[in-house]
Amino acid sequence: MTEYAIDIVNVTKRYAEHVAVRDLTLRVPKGSVYGLLGPNGAGKTTTIRMILNIIAPDAGSIHIFGRSSNDSAVTERLGYLPEERGLYRKMQVRRVLKFLAELKGVRGADADRRIEEWLERLSLKTPEKDWGLSKIDELSRGMQQKVQFIGTLLHDPDLVILDEPFSGLDPINAQALKDTVVELKHRGKTVIFSTHMMDNAERICDSVCIIARGEKVLDGAVADVKEEHGQRNVALALDGDGMAGVATILCDHSLVRRADDSNRFFEIEMAPGADPQALLRRIVESGASVQRFEMIQPSLHQIFLDKVGATGIEEGMSGNG
Amino acid sequence: MAKLWTIIKREYLERVRSKWFLIATFFGPIFFSAIIIVPAWMAARSKATSDVYNTTILDATNTGFGHRLAVNIAGDTTIPGRMPIVKLVTPDELTQAESTATHEVMRKLRTGYIVVNEQTLAGESARYAGSNATSIADMAQVKNAIRNTILASRLEKVGLDNEKMKQLTFIPLDFSTERITERGRAGSGTASVVFGFAIGFLLYLSIVIYGQTIMSGVLEEKTTRVAEVVMSSVPTDTLLAGKVLGVGAVGLTQQILWIGTTYILLKLRTPIMEKLGVPAINFSLPDITLAAGVIFLLFFLLGFIFYSSLYAAVGSSVNSESEARQAASPLMIMIVSTGVFIQPVLLNPTGTTAKVLSLVPISSPIIMPIRMAVTGVPPLELAGSLVFLAIGCIAALWLASRIYRVGLLMYGKRPTMREMARWVSYAR
């Protein structure tokens, strides 16, 4: 038995105009929550589509749970939530779910039972109202997303692939999604998500892979990735006045290599060889009121900017690659 | 196979459950009965109308000829209101009487007037003036009545008694027409042309409607991204096949329901039309053998597969309904230009145009069934047409599946023809 849920080796996918994925090697450990990070057009969606066997790679191999990705037995162990969501608008909720279940090999009474369980669990079926009997287009956007989510998990897949799962989710559904991801992990399932929202990835993922322009930039466990990028960062929070003085200090490149300014909170990357204590003294001397000054590991966001930079963002062929 | 069945089932059930399907299935037979019955009814009406009863006979013969003519026109004098009015006049008063009668017609009190005089008795001339003077059937009846009355007068002169004379001159001829084909007599000529037209129209309509249905279905799956979810579970070819077969089965269900209920309606036309207060029409339905029926459905199915797979390809390559309409215009041109030939083929079903069009897959699904309805088609031509159409279907499916599997994943701008040609060459 292999220890990887997904094992991608030297995969390349070309389109007429450009190379969408170039020589990508990627291993996703079983039972992990894995983030596929990258700007729009980096090749995330193309990679996911190859994992799902929607498109075939031009070169390289993809194995899912040790089997080739075009093995039909594999597809029934996968659950997929596409980036932009939608369902058959004129179809009744239960019939849509039954259809999706049957496509994954769950049939008859078994499918019906699971659908009932999920509808109750996500409050789509309450004593007052059974939304399962409504048509999709009679549901609110949030409810439609729940239905789609049920469709992804109905057949209890071992590998769940979520493409930009947080885009367009309201805070309540976003929390429900995070809870579910954690629960899936506890049950030993593997979850992959693609996102360009680093904050979410940092909080949820065990491991990440950053890709840009179709190539892998870095990958590994989140802790390792951060470790590797050192303790050269400072979190700084200010209270009230003295912003102008601080701004001048942060422009001093002998001390500060880069500062990410979120108005009253700064993530500062120290210049090579610079002393953080010297920076603190300068800030206090400038008269600013310091709420927090802490040595931190760089955030994924910082690492991402560092590694990919602005040049990593280019228009993808499909617009959501 | 189980997954193909799942897709077919969804396509079929979702469409058959729709209101649109119920409405079309219910109104279809009424519509088709109407296109068959109305022309037949019009034909029946071309037997003289009741207008001829509402005439005035100006009799200047002084022999009672006018009264005899009136009886002859009425045919059955026991029915009230069928006897034309007879006015006896002298030759001198005739001009004045004609002027009065003209005014009556102008004021729509009467339909027209007949002038009979010495020349009429001699069998030389008679005159009619009226608002229905252009009605061929009415005029034929008046002319016949005058002829018969002259004949009766002459027979009377040579001493034939009244009874004998009636027996000899009463000829209630009902002239019906029937068409003969290589397979023998094939029902009324008019009815079979109407039937051929109905078949052609039905096929034409179905291909357009169900082709567009498939196109919107594919487009919906693409724009809602359901396609991606389905494609992560089944190969694209299975999805395409499931759609074409599922929607095809809907079309077939509807055709069978349409043909079945139309047949029953036509069988029951006499009581139905009597209820509607229209005189029953006597025409025989074209006799269609079971084999011919199966071949019709086969043409429908193959024609449907040919066009709907191409419509699916178009639906997969675009991003909105308005783009789809534009991109589908080459297909519409193919179908409409076939539609243009329906009438010429009906008029000359064995001509070169008809023969060529029934071999080309673009037009054969519509043209061949029409030819079969109106004339006998040699088995070799029939077989050739089916073989070419089957080859056309395979080519269309091949092309469509290649465009489909790439197109479904391409968002953004509409592809050019060159780009689509390149998609066809993609491995997958």
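A residue is counted as buried if 20 or more other C-beta atoms lie within 10 Å of its own, as exposed if 12 or fewer do, and as partly exposed in between. In the predicted model described here, M334(B) counts as partly exposed because it has 18 C-beta neighbours inside 10 Å. M334(B) belongs to helix α14 (residues 329-340) of chain B. Its C-alpha atom is separated by 19 Å from that of S316(B), a residue 18 positions away along the chain.

Most residues other than glycine have a negative phi. D156(A), by contrast, has a positive phi near 50 degrees; D156(A) is located in the loop between α5 (141-153) and β7 (159-163) of chain A. With 14 other C-beta atoms within 10 Å, D156(A) is partly exposed. In chain B, R225(B) likewise takes a positive phi, near 70 degrees, and is placed in the loop that connects α8 (189-223) and α9 (226-231). R225(B) is buried, since 21 other C-beta atoms lie within 10 Å.

In chain A, strand β1 (residues 4-14) pairs with strand β4 (residues 59-64) in the antiparallel sense, over five bridges. Within this pairing V9(A) stands opposite S61(A) of β4(A). Strand β4(A) is also joined, by two bridges, to strand β5 (residues 67-68) of chain A, and these two strands run antiparallel. Here I64(A) has R67(A) in β5(A) as its bridge partner. The hairpin of β4(A) and β5(A) has two residues between the strands, and F65(A) in this hairpin adopts a positive phi near 50 degrees.

Helix packing in chain A was characterised for α3 and α4. Two packed helices are described by the angle between their axes and the distance between the axes. Helix α3 (residues 93-103) of chain A packs against helix α4 (residues 108-121) of chain A at an angle of about 125 degrees, the axes being 10 Å apart. This angle makes α3(A) oblique to α4(A). The crossing of α3(A) past α4(A) is right-handed. On the side of α3(A) the contact involves R94(A), L97(A), K98(A), A101(A) and E102(A), and on the side of α4(A) it involves A111(A), R114(A) and I115(A). Four nonpolar and four charged residues make up this contact, with no polar residues.

Helix α3(A) also takes part in the contact between the chains. This contact draws 22 residues from chain A and 21 residues from chain B. On the side of chain A that touches chain B, β6 (78-81) and α3 each supply at least two residues. The most is given by α3(A), with four residues. By class, this side of chain A comprises 14 nonpolar, four polar and four charged residues.

Chain B contains an open sheet of four strands in the order β2-β1-β3-β4, with mixed pairing. Strands β2 (85-88) and β4 (127-130) of chain B stand at the edges, and each has a single partner strand, so one side of each is left without a neighbour in the sheet. From one strand to the next the twist averages 20 degrees. Strand β1 (residues 55-59) and strand β3 (residues 112-116) of chain B run parallel and are joined by five bridges, and D59(B) stands opposite V116(B) in β3(B). Helix α4 (residues 94-106) of chain B lies across β1, β2, β3 and β4 of chain B and runs at about 180 degrees to β1(B).

Definitions and conventions: Residues are numbered from 1 along each chain as its sequence is written. Chains are lettered from A and ligands numbered from 1 in the order in which they are written. This is a predicted model: local features need pLDDT of at least 70, side-chain atom pairs count only at pLDDT 80 or more; totals for chains, interfaces and linings use all residues. Axes are lines fitted to C-alpha atoms, for helices over the stretch in contact, and angles run from 0 to 180 degrees between N-to-C directions. Angles under 35 degrees count as roughly parallel, over 145 as roughly antiparallel, 65 to 115 as roughly perpendicular and the rest as oblique. A crossing is left-handed if the near helix is turned anticlockwise from the far one by less than a right angle, and right-handed if clockwise. Two residues are in contact if their C-beta atoms, placed from the backbone, lie within 7 Å. Ala, Val, Leu, Ile, Met, Phe, Trp, Tyr, Cys and Pro count as nonpolar, Asp, Glu, Lys and Arg as charged, and the others, Gly among them, as polar. Two strands pair if DSSP finds at least two bridges between them.
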